[in-house]
Amino acid sequence: EVNDIISKGNALISKIEGGSYYSAVDANDIITEINRLLSFTQRQYDIAYVLADASGLTADYELKTEIYNAYYNLSDEYYAVYVAMAKEGRYNDKFFPGWSQERINQYIAEHDHKGGGGGSPEKTTEQKIENLLNQYKAGKIERYTAFHDYVELAKQLASEKSYSSYLDYSYKQYGREYTVSQAKTLSNYTTNYILPLAQSFRSKLEEAEKNPDVVESNKAYKNNFFGSNIDLMRGYALTLDSSYVNNFKSFFESGNYFFSNVANPNVTAYTANSQTLGRYIFASKNYQDLMSFTHEFGHYYAGTNFGNVPSLDLSETQSQGNELMLLSYLLGNNNSDSSKAFVYQEIASMANSILIGCAINEFEDFAYNNEFTQESLEAKFIEILDKYGALVTRDKIDYMYQVILNYRGYYISYAVSGIAALELFAKSLNNYADGVTSYVSICKKESSDEKFKKSLENAGLFDVFSDDSFTLINTIKNIWVLKLYFSRVSYR
């Protein structure tokens, strides 16, 4: 059907450009059919996206790619037909009603580069990147080759968009309110404050896990969130606002979640909102634990209140903040050694995610702006990881390729939002109710121009680039604060 309507569209374009007569009815019929197929392929892509991630099978990723290309070929055909008609002008009063000639000319200038839909399936650099990465996920391209080719395409895309580097372009796309140069200033902060925090809690965890009973009982928190952890999540939900409670209830009633039994190396867990499936949570086999779910449910909850979150930094604060507020709730309700060990583990993990985020950002900046060989690239990654003291739980080189190819330009937001989440945690240790108020505020839009910095300000939190932020976070590593907290607070 797609190929057939593209052929009809191209025939119409040839007729228009050749000066032959064509009827408005014929043109409208073709446009109506293109719109129908666009809607259909969008629905199919929404489903194929989840199915490919769930199975990890080459055939499913190939199908996803095929549908993706069909959608964009149809989209190109739609614009090509309209541009041809706009240039010829015979039916502009019908297909561009009320438009001035200036506006029509702007439309032509914007869309005239679109093809006729029947040529190469890779018409744009964005499509080339998408197709390359789908081939990589399907196991058809060796990882270094995929990385090298991706970086070249990323450089090309940045140039097309008039940016000096792809990292600069990605910062803009993700709604960040700081530059790549400004992000680099976090390097000193993280090594002076966050690395000691991570090391402190790693040591506390190591000491706690000398008790084999703690190791065994702590496994409950690391298991699938269904079961006993549901009660913990329910109790925590009841300390937040009614919107959180209602979302928690409706999520399980709707059953709109997809848990795979496959450990897909290219997929973790994510929250998405599609026309076909609505808002849902997906988790691959290794990301169905309590904290992964809590992270994703932060996105799910905020999506109800905030709508389209304009900043990735803010979006990840909403999710990582939910993780640490759950820990704060746990501390007030369970003073067992296993609960303490779990808190040590998760604070160390959050601090480590900040170190990794800064390290990945620095590495991406290197890759987009320097020539490299496979050997020099991989050596540089290990050098930067070691510089930050960041730990990864799998082979470092495997991790490098998987992160960069699947989360391009993303990881600095884990660092920035992790800092904000630790602020929130420190605040909640002092007064849990104040922490709740701040977290709920972060997840609600209070003004039309609200982004990351404004949301932190509205929530009574510090700018993550400020000394005040790191001074507050530094109080967390003083274990007496937690001991005092255990004896002082209970929220049941």
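Predicted model: local features only at pLDDT ≥ 70, side-chain atom pairs only at ≥ 80, totals over all residues.
Local features require pLDDT of at least 70 and side-chain atom pairs pLDDT 80 or more, whereas totals for chains, interfaces and linings use all residues. Residues are numbered from 1 along each chain as its sequence is written, and side-chain values use heavy atoms, with hydrogens and water left out.

Helices α12 (residues 228-237) and α13 (residues 242-254) pack at an angle of about 150°, and their axes lie 9 Å apart. Helices (H or I, at least four residues) and strands (E, at least two) are DSSP runs numbered from the N terminus; axes are lines fitted to C-alpha atoms, for helices over the stretch in contact, and angles run from 0 to 180 degrees between N-to-C directions. From α12, I230, M233, R234, Y236 and A237 meet Y244, V245, F248 and F252 of α13. These residues comprise 8 nonpolar, no polar and 1 charged (nonpolar: Ala, Val, Leu, Ile, Met, Phe, Trp, Tyr, Cys and Pro; charged: Asp, Glu, Lys and Arg; polar: the others, Gly among them).

Strands β2 (residues 269-274) and β3 (residues 278-283) pair in the antiparallel sense over 6 bridges, pairing requiring at least two DSSP bridges between two strands. The two strands, β2 and β3, form a hairpin with 3 residues between them, and A269 stands opposite A283 in β3.

Y368 lies in helix α16 (residues 337-369). Y368 counts as buried because its relative accessibility is 5% (buried, under 20% relative accessible area; exposed, over 50%; partly exposed, in between; 1.4 Å probe, protein chains only). Leaving aside neighbours within four places in sequence, Y368 is in contact with Y150, V151, A154, K155, S165, Y166, L167 and R408, contact meaning heavy atoms within 4.5 Å. The C-alpha atoms of Y368 and Y166 are separated by 6.7 Å, although the two residues are 202 residues apart along the chain.
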